[in-house]
Amino acid sequence: MNVFQSWGRIPAVRQNKLFPEWRNTLSIEDRGSLLLPYGRGRSYGDSCLNDRQTICVTSRLNHFIHFDREQGILRCESGVGLDEILQLVVPHGWFLAVTPGTQYVTVGGAIANDVHGKNHHLAGTFGCHLTAFELVRTTGERLYCSATENAAMFKATIGGLGLTGLITWAEIRLKKMATPFMDSETIRFENLAEFFVLSEESDRDWEYTVAWIDCLAQGESLGRGLFIRGRHSEQLMSASGKIAKRRLSMPVNAPGFLLNQYTIRLFNKIYYRKNRKGESVAHGHYESFFYPLDSIGNWNRMYGRRGFYQYQCLVPLSDGQAIITRLLEMIAASGMGSFLSVLKKFGDIESPGMLSFPRPGITLALDFPNYGTKLLTLFEKLDEQVMQAKGAVYPAKDARMSAKAFQHYFPQWRDFSRYRDPGMSSSFWRRVTGE
Amino acid sequence: MKKILIIGATSAIAREVAKIYVLQGARLCLAGRDEKKLHIVADDLTARGAQAVQVLTVELTDPATHGDMIKQAEDFLQGLDCVLIAYGSLPDQHACEADAGQTLKELNTNFISVVALLTRLANDMEQRGHGVLAVISSVAGDRGRQSNYIYGAAKGGLSIFLQGLRNRLASKGVHVLTVKPGFVDTPMTVDFNKGLLWVSAETVAQGIVKAMDKKRDVVYLPWFWRGIMLIIKSIPERMFKKMKL
């Protein structure tokens, strides 16, 4: 058994690996151990880990099957990465209908977590653009799933954390775009109320919106930050606008003291002021707009050997401002800072996924260096607020939520459990359901 | 537009080589044993923009099938510029030690059938007066080791054969390339613990295409294996035989 860590590097587990290679002949029956499909391990916590059991790595299921260049329909195996898809489709004027903040995830992973992006208010989740897939189960079944065939299994698998079976291939609808470039604006806002105003106004005619916030600002400045909005550009950039390919990488772990509350506070302050005038306009390549962190290989090593936690929650819009205010107050008061805090308003396009995280409301995502017990205590307190508000926490980013919290956030989990492949499980699932 | 025949086209390295040639607009013939797998690879290449891909199902270990395969490839490609031979197996050393039949079978897969195939291809190309023959051998063929000497013997024999063939065809406009990969992370080596010396099939494929373009004779992939093998080859046999390698 090999030692594995996920992207957040908490926890480390021992598990066996299985590498199915050919979609037509693969079989996952009779393993004598519980299986979990595994893409690139980019989930932050333990939803992509399977301690003492077996993961089924899809890296060799990486064939394209069909690309309809006229209709923008792509069928490919589940281990194909979004980066590989973009490389193929962008030159033909197509783009992913929904993309998360990294392109280094697989199609299978994007489905299993029903990922969302900066255009959730207009496009919904990744699952909204999925037309069909094939599911192989440890029972030996092979199911063709779509909105009309095996519809219940289709819904359960979208956002189903890889627990309903192994997706061998999937078909997605792409979206047309004029150029690989983006027009964007960055606008400084002084507090949370301004964020809501900007969000309301921008979501109407900007395809992509997101905000970074300085989570350590308190009082009048609470919730201050930078609002970023963008759209695909009609303008081709001049030839000089060369694409920066991954130049930087973190070769080793940063020493643990590098990211502490003082450096994080300093970073947040400086970053907030990076726009002198408070507003700036840009024209750049889609990679720098969608995937700024992808340009630093292994950026997770920045947090040192102890790893880091992500906390992404969402709360309903109705009293969203009040709850987000309370959450930010609690975080600021704790003094434990987050390097990258992101705020985004989800739209009301319903995801087909049964266990999907996104729903109408405001989502707040934060990452924290592993401060240990005091951080876990803070998370517990945040959870109490989110539970009260009838919100939810994102499983793909979680390594610590209690079973009680999960079951509160996802009361439909028992229904979902009926569709779970009896031969499949994950560290996360055992932790939050006891199944 | 290059006309390329890839033999053993479902192997991880071959697939990556094919992907590179698709980007260059080549016409491709994919030969191998398993028709369904070949079609998976062919569909992938077509989705990536390949203009012409043909699948040829052949039992390569049987030399009687070789003539037909070459003929069909030449018909489809309307000529033949390059051939990459990428098929092979990684024998279970212990099983081979216990059973001569098993040993001969592995030698046939990795050496004898390849020699038969190359004999035909070489004659065709010699007649035409041009072509590239790229063959995947292995660093394992540079010195026999107790853990892997059946495979090593097959690949070592193959390397010597290629050396002679290169010598014969050098003045005839036909180029022979011997590829010696080190540790490659492929399905063939799934059970190994991977360390620093391991590279991806993609990296090896880039090296192969570059070596074919530059008409290199023998390439170690990655390059540092030339140094490693130089050291391994220079250890006196008296000491080497006592080492656990």
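**Charged pairs and their surroundings**

Modeller: B:Lys233 forms a salt bridge with B:Asp142, and their closest N and O atoms are 3.8 Å apart. Keep in mind that this is a predicted model. Where do the two partners sit? B:Lys233 belongs to helix H8 (residues 224-234) of chain B. B:Asp142 lies in the loop between strand S5 (131-136) and helix H6 (149-169) of chain B. The partners are 91 residues apart in sequence, so the pair ties together separate parts of the chain. Are the two partners buried or exposed? B:Lys233 has 41% relative accessibility, so B:Lys233 counts as partly exposed. B:Asp142 has 14%, and therefore counts as buried. The cut-off for buried is under 20%.

Now take another pair in chain B. B:Asp34 forms a salt bridge with B:Lys37. Here the closest N and O atoms are 4.0 Å apart. B:Asp34 is partly exposed, at 29% relative accessibility. B:Lys37 is partly exposed too, with a relative accessible area of 21%.

Chain A has its own example. A:Glu200 forms a salt bridge with A:Lys345, with 3.1 Å between the closest N and O atoms. This pair links distant parts of the chain. A:Glu200 is in helix H5 (residues 192-205) of chain A, and A:Lys345 is in strand S18 (residues 341-346) of chain A. They are 145 residues apart. A:Glu200 is partly exposed, with a relative accessible area of 45%. A:Lys345 is buried, at 12%.

Step back to the total. The count comes to 33 salt bridges over all chains.

A:Arg60 forms a salt bridge with B:Asp185, with the closest N and O atoms 3.3 Å apart. Between chain B and chain A there are also five residue pairs in polar contact, counting pairs with both residues at pLDDT 80 or more. On the side of chain B that touches chain A, helix H2 (residues 35-47) of chain B gives the largest share, eight residues. The residues on that side of chain B divide into five nonpolar, five polar and seven charged.

Next, the contact as a whole. It takes 17 residues from chain B and 16 residues from chain A. The size of an interface is often given as the accessible area lost when the parts come together. The area buried between chain B and chain A is about 1400 Å², and carbon and sulfur atoms give 53% of that area. B:Ile40, B:Ala47 and B:Arg48 supply 36% of the area that chain B buries against chain A, more than any other three residues.

Take A:Phe416 and A:Trp429: their ring centres are 5.5 Å apart. Their planes stand at 65°, so the pair is edge-to-face. A:Phe416 lies in helix H11 (residues 413-417) of chain A, and A:Trp429 lies in helix H12 (residues 427-433) of chain A. The pair ties together parts that are 13 residues apart in sequence. A:Phe416 is buried, with a relative accessible area of 0%. A:Trp429 is buried, also at 0%. Elsewhere, ring pairs link A:Phe95, A:Tyr208, A:Tyr286, A:Phe289, A:Phe290 and A:Tyr291 into a cluster.

Methods
Residues numbered from 1 in each chain as written. Chains lettered and ligands numbered in written order. Predicted model: local features only at pLDDT ≥ 70, side-chain atom pairs only at ≥ 80, totals over all residues. Heavy atoms only, no water. Contact = heavy atoms within 4.5 Å. Buried area = accessible area lost by both parts, 1.4 Å probe. Salt bridge = Lys/Arg side-chain N within 4 Å of Asp/Glu carboxyl O. Polar contact = N/O pair within 3.5 Å; in protein donor to acceptor, adjacent residues only side chain to side chain. Helix = DSSP H or I, 4+ residues; strand = E, 2+ residues; numbered from the N terminus. Nonpolar A, V, L, I, M, F, W, Y, C, P; charged D, E, K, R; others polar. Buried < 20%, exposed > 50% of the residue type's maximum accessible area, 1.4 Å probe, protein only. Phe/Tyr/Trp six-rings, centres within 6.5 Å; stacked < 30°, edge-to-face > 60°.
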